Amino acid sequence: MPHLQVVGIDCHIGSQLIEAGPFVQALRKLKELIESLRKEGMIIQYLDIGGGLGITYEDEEPPHPVEYATHLLEELKGLDCTLILEPGRVIVGNAGVLVTKVLYLKENEEKTVCDHRCWDE
């Protein structure tokens with residue numbers, strides 16, 4: 001396609017992964033793809049490897065982000081691309097709260113329903 005310039009590739013294998021292994025496996029395949037595209041004459045400058053590690057909801061134990069980065073950096077050696085990362089739930093999952101207020105309660109014999117809205121005042 002003469003009017004399309006491919007400059008990067010993106011991969012998102014999930015957002016609740018709690019092991020580095022799947023990311024490393026995906027990265028290996030992405031490296032193969034980049035090499036293949038470069039042989040075709042494409043100049044691949046950017047690699048986005050997606051959503052990062054998951055978060056502990058119950059008893060999950062995701063690796064520390066430094067451990068995750070160590071695995072990725074080892075696999076990225078020699079790959080001349082700008083790496084793009086999304087922070088992942090393990091970093092931002094506990095960083096916020098949802099604030100709402102109750103507008104009214106609707107009660108009947110079977111149940112009570114709470115109608116609420118996000119705080120906007």
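User: How is a residue sorted as buried or exposed?

Analyst: Buried means under 20% relative accessible area, exposed means over 50%, and partly exposed lies in between, with a 1.4 Å probe and protein chains only. Aspartate 48 counts as buried because its relative accessibility is 13%. Of the 121 residues of the protein, 25% count as buried.

User: What kind of model is this, and how are residues numbered?

Analyst: This is a predicted model, in which local features need pLDDT of at least 70 and side-chain atom pairs count only at pLDDT 80 or more, while totals for chains, interfaces and linings use all residues. Residues are numbered from 1 along each chain as its sequence is written, and side-chain values use heavy atoms, with hydrogens and water left out.

User: Which strand holds aspartate 48?

Analyst: Helices (H or I, at least four residues) and strands (E, at least two) are DSSP runs numbered from the N terminus. Aspartate 48 belongs to strand β2, residues 46-48. The protein has 3 helices and 5 strands, in the order β-α-β-α-β-α-β-β from the N terminus.

User: Which residues is aspartate 48 in contact with?

Analyst: Contact means heavy atoms within 4.5 Å. Apart from neighbours within four places in sequence, aspartate 48 is in contact with Ile9, Asp10, Cys11, Ile84 and Glu86. The aspartate 48 side chain also reaches the backbone nitrogen of glycine 50 at 2.8 Å.

User: How should I read empty space in the model?

Analyst: Rolling a probe the size of a water molecule over the atoms shows where empty space is left. On a 1 Å grid over the protein atoms alone, a cavity is a set of points where a 1.4 Å probe fits but cannot get out; a pocket is an open set with protein on both sides within 12 Å along at least five of seven lines; lining residues have an atom within 4 Å of a point. Grid points are joined across faces, edges and corners, and a volume is the space filled by probe spheres set on the points.

User: What lines the largest cavity?

Analyst: Its lining consists of Cys11, Ile13, Phe23, Ala26, Leu27, Leu30 and Ile49. The volume of the largest cavity is about 30 Å³.

User: How many residues line the largest pocket, and which lie nearest its centre?

Analyst: The largest pocket has 14 lining residues, with Pro65, Tyr68, Ala69, Leu72 and Leu85 nearest its centre. Two or more lining residues come from each of α2 (65-76) and α3 (89-92), and α2 gives the largest share, 6 residues. The largest pocket holds about 160 Å³ of space.

Methods. Polar contact = N/O pair within 3.5 Å; in protein donor to acceptor, adjacent residues only side chain to side chain.
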